[in-house]
Every structure is written in C-alpha cells, then in structure tokens.
Amino acid sequence: MRGRVQGVLAVVVALIAVAGVVVGCASAGAAPRLDGTTSPGQSSFAESSDGPPAVTTTAVPGRADVDPGGEISVSAPDGALRDVALTGGDGHVVAGAVSPDGHRWAATEALGYGKRYTWTGSAVGADGAATPVAGAFGTVSPDRVVRAQFAQPDDATVGVAAPIVVQFDGPVTDKAAAERALDVRTSVPTEGSWAWLPDDAQGSRVHWRPKAYWQPGTVVDVTANLYGVDLGDGAYGREDLTSHLTVGRSQVVRADVTSHRMVVIRDGQQVMDVPASYGLGSDPNRITRSGTHVVTEKFDNKRMTSAQYGYDLVEHWAVRMSNNGEFIHANPASASAQGSSNVTHGCVNLSTADARAYYDTALYGDPVEVTNSPVALSAADGDVYDWAVDWDTWRGMSALP
C-alpha cells in the first residue's frame, strides 16, 4: 500500500469546525478538547489571537469509520504544532510531516483497515497558550477487500488499439465510486471513456479505450487510487495502482476473408501481403468473426484442441486476436488452401515463414480488422471485444455521466 498525502481542503476544515466535531476556544479559562465537545459557554472557534489556538483534524476522535487511504491531517492556523504524532494500537507511529510554517501535520503513509489510532501533541499560540492534540479514532473495517490489477504490464509498449483493462478479483457493486478513483492522462489529447463489461469468473472489469485508434508515440499514465474506496456491499479497495504505457508504431492487419490474403499496414505503408486461409464459411462456429480484433498474446508454440471437431495439435507462431480461439498462426496442413479458399476453424492460417515474420512484429493492442465475414465479433467472443461496440454505446457503459 502506498501512502497518499493530499492538500488541505479549506472547505472540509470549515465544515468540520462548524459541525463542532473539533473545537478551538478563545477563552483562556480551559483548553478545548478533541473529543467532539466544548465546555459550557465556549465557542468552537478562536475569536482572537489570545488564548489557545483552534485545532482541526480530518480524522475526528470518536469516529470508527475513517477512510484509511484519505487525508489524515491536523491543522492549527493560529498556532504552531508541537510533537504531533499518530500512533496505532500496535505501537506503530505513523509517518508524517509538518508543513514549513508549522501549522499543519499530515500523514505520509496510509493507515490500516480496522485499526485504532491515537493523536498526541499540541498546538501552541503566540502567547504560549496550548491546545492538546488528543483523542482516538478507528478506521473502517471491510467485510472483504477487493484487489485490482492491470491486464497490461507496466512500462509496456502497446499497439494503437490497446484498451486499458482493470480487472477486479471480486464483484464491484458501486461502480461509480470505483470509476471516480480511476484516471487516465495522455501526452497527446485523446478522447476516451471507461466502460464496464459484464462481470466474468474473476469479478468485475472495466476497460478504457480511445474513441479512435491511439496516436503513435502517445505516453499514457493510469492511476487507480482504490485503497480506502468503498466499492459497495462491504467491499473496499485493497491498494492503489499505477501503470505507464507507450503507444508504439501503428500496425494494422487487414483481413478480408473473401480475398484469401492477409495485409499488414505499418505506419501507413504496406509491409506484408501474404496468402491466407480463414474460417470455413459454411459452418457458423468456424467462421472468422468480422470486426476489429485486438492482439493480446503470442506463443512460439500453442496447443490447440477441440473436442467438437476432434483435433489436438501444437501450432507455431500463434498470435491471439480474440479469446474465442481465433489466432493468426502457421499451419502447413492448410498450405494448399492458403490464398484460394477458407478451410480453418476460425483462425488465420499462414505459411510457416509468413507466420513467423508477422509474429516477430506483433504487439499487445495491435488491431486486426476482419471484413466480409457474415458473423460479427461480439461479447460472446471473449474478453476484448471493445472495438465491436460503437462509440455512443461504449460511452453509455460508463458508470458516470
């Protein structure tokens, strides 16, 4: 878990002060307390520069549901903080730092879930009057903690159709809260949107993709500040995540199933035009799906099996373009059909030399545009069918307006 330190929100501090949950006092008769109460006749605001200074804290003593990943700070605008510390029930002293002017202390590490913490220290005014920083609070205790991870490795170079994929290891019912914790920043202005796909066996999942293919060379930084976020039904985020990606060259496969050829366009120039065989058109289960597929994996050797069609083979130079069994791969057994007819079980069959040449250039996120097939790519075809969804529909799959 990473600590997060955020700037003081004046509005939050003011609201807390108005609510009377943390008090300061202008009277020198008694120091204000951080237990949510005031002595009779005392104000919850410091009314002059005399007397003990007012103190506010974002983690109010007495509370048992403090967000452990949120801002944890103490402020004394009219006083200097002295020896402020926040200590866990296990004796661990939370790391923190005092601002240069001495008026604010903030934690520099996240707190734990379901823990109790105690404030100590004081704030001293110009006349020497002091307000104690005291009291205890607890952090929220989740019923379950949900982990998230990115599908793509950090610092990867990806293709121009690459989606950003966040996969959760359990259901997320408050998808809006989760989405608000996600941020995508790009070196080139890029219109895009998050969209929640149906939960899979692992849990909930959300993808971000641009409206059109990425501009080559775009640098992408993704943050998922999920620690401490209430994801609904008692679930909270386990940790914060970051991902740094670079969009590489533009490489697009154009796969017209009626042409019996596969064309590769790199940075606007044709670099391959080779014989191919696509899925058998007379069997709907074997047709190569029309639509924009996305390269997600590649294998030197890939075992391919089908109980329905009775094969169990190891194929070479296999590039996955969907999760329904569609690959671009070498297949010497279909050599006589390559360039003249479609006989495969949905894959794009090439010669061994052509398959190896393409394999060596393929990146995660490269688009494979299949055309003139009577069956369209859809949600039934696996994990990444993002480009099969029209833009307006995709935007409507966001949990936020």
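Mentor: On a 1 Å grid over the protein atoms alone, a pocket is an open set of points where a 1.4 Å probe fits, with protein on both sides within 12 Å along at least five of seven lines; its lining residues have an atom within 4 Å of a point. The model is predicted: local features need pLDDT of at least 70 and side-chain atom pairs 80 or more, while totals for chains, interfaces and linings use all residues. Numbering starts from 1 along each chain, and side-chain values use heavy atoms, without hydrogens and water.

Trainee: What volume does the largest pocket have?

Mentor: Grid points are joined across faces, edges and corners, and a volume is the space filled by probe spheres set on the points. For the largest pocket this is about 600 Å³.

Trainee: Which strand gives the largest share of its lining?

Mentor: Strands are DSSP runs (E, at least two residues), numbered from the N terminus. Strands S24 (297-306), S25 (311-320) and S26 (327-330) each give two or more residues. The largest share, 5 residues, comes from S24.

Trainee: Which residues lie closest to the centre of the second largest pocket?

Mentor: This pocket holds about 410 Å³, and S10, S12 (164-168) and S15 each supply at least two lining residues. Of its 19 lining residues, the closest to the centre are Ala151, Val165, Thr296, Asp383 and Val384.

Technical notes: Helices (H or I, at least four residues) and strands (E, at least two) are DSSP runs, numbered from the N terminus.
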